[in-house]
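Welcome, and please open your viewer. We will go from stop to stop, selecting a few residues each time and looking at what is there.

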Amino acid sequence: MASDDELAQLEKLSNEWEPEPQGPLVGERKSSSAITVEYANADPIYRIKTAALPQKYAFFRTCRGDGHCGWRAVAFGYYEALLRGGDANKLEEEVVRLRSMNNLLNSIGFQEDLYEDFADEVYELLRRLAASLRAMDGTTAALLLEAFNDMGRSMAIITYLKLLASAWLQNHEARFADFIIGYPSLKAYCQHNIEAAQCEMDHLAMQALAECVVKAGGLALEVLYLDRSEGTEISPYREVPENVANPPTIRILYRPGHYDILYKAEDFAPPAQQQPIPTQPPLQVALAGYTEEFVPMASHLSDVMTLIPGMYPPALGQRWPSLSYDYNSSPAPVPTYAPAPTPAAPVTSSHQDFASPVHASYAHHGAHSHHGIHLEPPVTLPIHPPPPMSLDRGPPLTLERTAPVERGGPFRPSVYELEPGFGGCGQPHAMPFQTSIFRNSHYNTAHFLNPDFQPEEWSPDTEYATGNRGRHKSTSQ
Amino acid sequence: MSTGAKKRIMKEYGECMADTPPGMKINFDEQNMTEWEVLMDGPDGSSYAGGHFKLKITFPNEYPFKPPVVSFKTKIYHPNVSNDDKGSMCLGLLRPDEWKPPNKVVAVLRLIHNLLVEPNPDDSIEPSIANEYKENRKEFDKNAKDWVKRYAK
């Protein structure tokens, strides 16, 4: 029989036992319907509240429940919201701004040589993200996730935020002192509840971060409390910066004892001019270019080509005046016909990336008279949404294809089109985009790195519809 | 262990060298910088005067986000040091929930020094020794000196 002392010891151990936290420090973005599922068997208040969640907040990201989740969620959200702004300069400004807060830290008595390691991690990550944003290399999000899943770096960033929060509270003692219960002073409270290595984020810390990091950085913070309070919706708490219109928002989901990161669907479809990399430029072409899907793409091209004199048949002459030479580079032409099925990307110089290979291969492929034409970078290409013809696919299209000479496009037929084996299928359109560079680029939706990755689908019907088509495909690749 | 943690330990070692608390000597092995051996003389005027104590400071992989672990390799009769082969010490800023990443090892060494001068019976790991310290100080002093003679010469 164990003695009382031993029993007390065992009881203490069992009370203190906590399961080893599982999962990545910061997880991948997931659909928030997973939260609804998680609470499907919980009590009605949670069930009702979580059922409404996915409609408003489409995605979420888990943080490991190791006691740092709140800090980590805000820190990650901070970086991500800055990235969503899409401005590399802003990230560098943040380095300067945070650096200027060293005075705040020093005034509370933190020694610079002790916090500089933590601060350096914070600056370093901001700088690396800015560089990645500038290079448009598409690795920005991965870089951020990797940094936060590295225990040392992620903890350094959290520690820096803790020190900032503590310093901020102590600097505004008059406002916060009354909230402190059970501690002799605000300083003691901060030392125990904010600066300590193992402490969960509390409301005061959240408030401090919202003020000194989030709002001062031109971002907004939204915390959603999923608790058993009255009501059918999760109650939000918002901190919005003044003088900033539509600030990128950090959204945090709080469940008693745990924080995760939430997203609205529109967080990922911000106004086009803010987008660092257009998610799906209309000139992208699926690899399965011989299917009907391709037709709209061809029509973009035709619009591009009508800009060039001598590139359109007389029948389309009446369209010419509407497409003048002196395109203003800033606003995209307002589409007058069908609405775009894909978000119309802005006409920016970045489009040259997509447009130029198309042009080059087209010139190569089409009539030789095209060779002398160059679209120099300052020239911008108007991108029109596809005309409604994509709605009525079927027989008429097939007809067009079998008789390419008579189709209604703006191109003057080339001699090659009259040769046997050229017409009769969509191949000629698809071929220019099948360059190995494009196929292996992540701008291709069939590439696994593309954010809108859509694997190539093999459809036996189209494959065997005409023997001609199938044969052509194999020769073209 | 991350490079950041190593850098931090190196930096702290430099600081400890420049500002070693009285009666302490640190043996630092560059091959294994996460374990420091500290040789410490019992502070003059305390029950431990004349003793030489060997301590080990172990830095966890997560350092500085988790506290260093301090253990007495030399047996010592003290309310804040566990009376077993581990000789562990866990109080004040060494507690995981009170440890702050900007804390310094120098502060830890000072804490140990102060505890030898003045034990903290209210935060003890050995309740019976703490009781004795509070209620029968003479007996405690005698036992402590006895142990110094036996183990720490």
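A salt bridge here is a side-chain nitrogen of Lys or Arg within 4 Å of a carboxyl oxygen of Asp or Glu. By that rule the structure holds 26 salt bridges over all chains.

Before the first stop, some ground rules. This is a predicted model, in which local features need pLDDT of at least 70 and side-chain atom pairs count only at pLDDT 80 or more, while totals for chains, interfaces and linings use all residues. Residues are numbered from 1 along each chain as its sequence is written, chains are lettered from A and ligands numbered from 1 in the order in which they are written, and side-chain values use heavy atoms, leaving out hydrogens and water.

**Stop 1: chain A.** Color chain A by secondary structure to find 21 helices and 6 strands (DSSP runs numbered from the N terminus: helices are H or I with at least four residues, strands E with at least two). Of its 477 residues, 47% count as buried (under 20% relative accessible area; exposed is over 50%, partly exposed in between, with a 1.4 Å probe and protein chains only).

Stop 2: A:Glu38 and A:Arg255 meet at 3.0 Å, N to O. A:Glu38 lies in helix H2 (residues 33-38) and A:Arg255 in strand S5, so this pair ties together parts that are 217 residues apart in sequence. A:Arg255 is buried, at 10% relative accessibility. A:Arg255 also bridges to A:Asp260 at 2.6 Å, N to O. A:Asp260 is buried too, with a relative accessible area of 2%. Through shared partners, A:Glu38, A:Arg255 and A:Asp260 join into one network.

**Stop 3: rings in chain A.** Rings of Phe, Tyr and Trp (its six-membered ring) pair if their centres lie within 6.5 Å; planes under 30 degrees apart count as stacked, over 60 as edge-to-face and the rest as tilted. This gives 21 aromatic pairs over all chains. Select A:Tyr225 and A:Tyr254, an edge-to-face pair with 5.4 Å centre to centre and 65° between the planes. A:Tyr225 sits in strand S3 (residues 220-225) and A:Tyr254 in strand S5 (residues 249-255), so the pair ties together parts 29 residues apart in sequence.

**Stop 4: rings in chain B.** Which residues form one aromatic cluster here? Select B:Tyr13, B:Phe28, B:Trp36, B:Phe59, B:Tyr63 and B:Trp99 to see the cluster.
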